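Me: I have a structure open and want to get my bearings. Can we walk through it together?
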Amino acid sequence: MSTPSKLHFSEAVLPTISKLGNPVIPADLDAHSVATSWLNKFKAYVEKSDVDGITSLMIDSTFRSNIFVKNPDGSDVAPTHSPDEALAVYWRDVLSLTWDIRTFESTPKIRKFLQDRLQTTKISNIELQESPVPPALSRPFPDIVWIQFFFTFQTSVANCYGIVRIVPFSSPNSPGGLDWKAHAIFTAVEDLKDFPELTGPRRSFAPNHGKWEQARKDEVAFADKDPAVLVVGAGHSGLETAARLKALGVSTLIIEKNGKIGDNWRSRYEALCLHDPVWLDHMPYIPFPPSWPVYTPAKKLANWLEHYAESLELNVWTSSKVEKATQDPKTKTWEVQVTKSDGTTRVFKVRHLVLAIGFKGGEPYIPSFPGSDNFKGQIIHSLHHGRALDHVGKKVVVVGACTSSHDICVDYADHNVDVTMIQRSPTYIMTTQKGFPVMLKGMYDEDSPPTEVADKIAASFPFLFAPATGYRTANHIAELDKNLLDGLKKRGFKVNNGFKGSCGLLLMVWTKAGGYYLDVGGSQYIIDGKIKLKNDSQIKEFTENGLRFEDGSELTADVVVFCTGLSDPRSSIVRLIGEESGKNLKAIWGLDEEGEMQGCFRDVGLQGLWSVMGTLSIVPRTEIEELTLPSGNFAHCRYYTKHLALQIKAQEEGIFGERY
């Protein structure tokens with residue numbers, strides 16, 4: 001992988017060898033010994049609540065990337081240092097020290113955080129971990145080297161773990177001429193001390209002769225009791241949340257409006273297939289079989305979700321709808337009105353209401369254009385598109401140039417339907433064949449560590465760090481995809497290099513939920529002309545027979561399919577909980593200044609209300625291109641549903657601390 005000769009703005013955070021004084025790493029370096037020495041010092045300082053001592057073991061930095069901060073005019077805020085001189089330091093915490101999800105960047109921020117929280121959390125029993133990943137020297141890029149290692153520790157209520165990456169400074173006065181400092185520390189809750197998951201050796205050992213079937217019917221019915229938690233939506237994020245809660249012994253019921261679990265995938269367009277590989281998509285407790293295809297067809301996934309709910313004995317009411325939810329101002333419990341499949345109504349009183357209603361509530365967004373009422377053809381959103389055979393013999397225009405648009409256009413082309421793609425803005429293109437091995441190798445592939453371990457490592461990298469690695473990775477992938485990208489450019493298709501035009505896929509996913517296509521063949525259809533392309537002017541209005549553009553050109557159509565994403569997430573929530581409660585909602589979606597998601601798997605401003613409704617987008621936009629998944633990235637939900645469940649369990653047991 002090539003290393004740029006001149007640093008890009010995003011690379012300011014990278015602890016490159018040159019910034020560290022060009023240290024020489026001996027070939028026989030004992031990474032285990034170095035990690036042990038660093039952690040022993042860390043442990044001693046923590047036991048004494050010596051904040052200055054702890055920060056002395058870390059890079060001393062005042063750097064603030066401001067990568068997700070905007071000026072009042074919407075422009076980016078510049079980094080506090082030039083890329084050539086800056087170094088960054090991070091501490092990311094998931095619940096263990098903050099009861100929240102936070103990232104602290106810079107020594108002053110970390111020092112203040114430790115001064116506020118170190119003594120109250122009562123950290124103890126810090127121990128280096130030898131497995132499943134022993135301390136090891138790693139070179140993620142030719143000019144970057146660090147030692148990564150795991151450690152465990154306890155707080156007053158939880159068993160926790162940490163991951164540290166230490167980098168070598170050239171220091172003649174240190175042993176071996178190297179002074180190892182932490183570039184990033186990650187801490188997170190593993191489980192609650194007195195309330196571990198009821199799995200493995202804690203599963204039920206009681207025999208059950210002829211009683212199981214009736215017991216399950218009674219449990220699902222909730223005839224004479226209310227659950228502690230009501231989950232709205234039985235997509236994968238709702239099912240995973242319920243599975244996590246069940247493992248913790250928290251009574252939970254899922255309300256699903258569709259007739260069958262998985263219908264949110266069955267009802268999508270026929271050509272839908274996951275573009276994420278199988279190693280990213282495993283679900284908690286039951287991984288996909290080793291024979292599972294790398295890319296999962298939507299209807300196959302739908303059947304798997306049914307199997308998942310049945311195998312884990314999750315309580316689900318299908319063909320049921322949540323009509324409204326109101327919070328008692330005194331008790332803070334939620335009264336949730338549900339219309340059941342038989343038409344009767346049930347009002348639940350629950351302490352926790354979890355919204356797993358799909359990305360942005362699953363509400364389709366179709367931009368408004370003059371003349372649509374006069375259009376003689378059919379206007380549909382990709383959510384309501386079925387199959388190409390429905391439109392054989394017609395002229396179809398597909399608005400959008402990202403994942404769903406490509407999938408739908410390919411399906412039309414395969415059935416000899418005249419189809420034109422309208423590209424409104426540049427698209428990031430990465431082939432899955434060449435891109436994913438670069439991005440996921442060693443983490444999510446056939447030879448990767450256990451999924452749970454990979455998830456922990458992935459979570460240990462702050463989003464604030466992602467632009468730097470994304471920039472280098474995107475350049476490398478673009479080199480591998482050069483022939484395809486050149487073919488698209490020659491055809492007139494507009495491409496870019498990802499987030500901020502340079503930082504690749506991941507932050508396109510997390511900041512826009514669109515603007516990209518993970519190519520599984522659709523790009524070649526454009527290059528070959530099987531999919532027509534129009535991107536030289538923006539849509540102005542509908543005509544009776546098609547679309548007119550701002551430059552005066554027209555395009556005839558019998559069908560216009562909008563692959564234009566989904567609506568504002570707040571509207572779906574406010575419609576459910578009411579305008580008055582909606583006034584107290586915090587921002588949902590959008591990365592805050594710490595690079596953390598707002599309103600997902602954490603406090604939303606109303607006690608007992610939680611949002612897990614998909615996690616592909618972080619910035620609230622209304623004109624995004626369609627996204628790959630209807631209810632959120634599997635890997636992200638897999639990891640953070642555990643921490644949502646831990647928060648609920650801690651609150652149920654009265655051991656939840658104060659959020660920081």
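Predicted model: local features only at pLDDT ≥ 70, side-chain atom pairs only at ≥ 80, totals over all residues.

Reply: Residues are numbered from 1 along each chain as its sequence is written, and side-chain values use heavy atoms, leaving out hydrogens and water.

Me: How is the chain divided into domains?
Reply: Domain 1 is 17-192, domain 2 is 223-362 + 569-621 + 629-653, and domain 3 is 364-425 + 515-565. These bounds come from an automatic or database domain assignment.

Me: How far apart are the centres of domain 1 and domain 3?
Reply: Their C-alpha centres lie 49 Å apart.

Me: New topic. Where is F463?
Reply: F463 sits in the loop between α11 (451-459) and α12 (466-480). Helices here are DSSP runs (H or I, at least four residues), numbered from the N terminus.

Me: Is F463 buried or exposed?
Reply: F463 is buried, at 13% relative accessible area. Buried means under 20%, exposed over 50%, partly exposed in between (1.4 Å probe, protein chains only).

Me: What is F463 in contact with?
Reply: Beyond neighbours within four places in sequence, F463 contacts F68, L507, W510, G595 and H636. Contact means heavy atoms within 4.5 Å.

Me: And how many residues are in the largest nonpolar core?
Reply: That core has 193 residues. A nonpolar core is a set of buried Ala, Val, Leu, Ile, Met, Phe, Trp, Tyr and Cys residues joined through side-chain atoms within 4.5 Å.

Me: Which helix gives the most to this core?
Reply: Helix α18 (residues 634-652), with 10 residues.

Key. Helix = DSSP H or I, 4+ residues; strand = E, 2+ residues; numbered from the N terminus.
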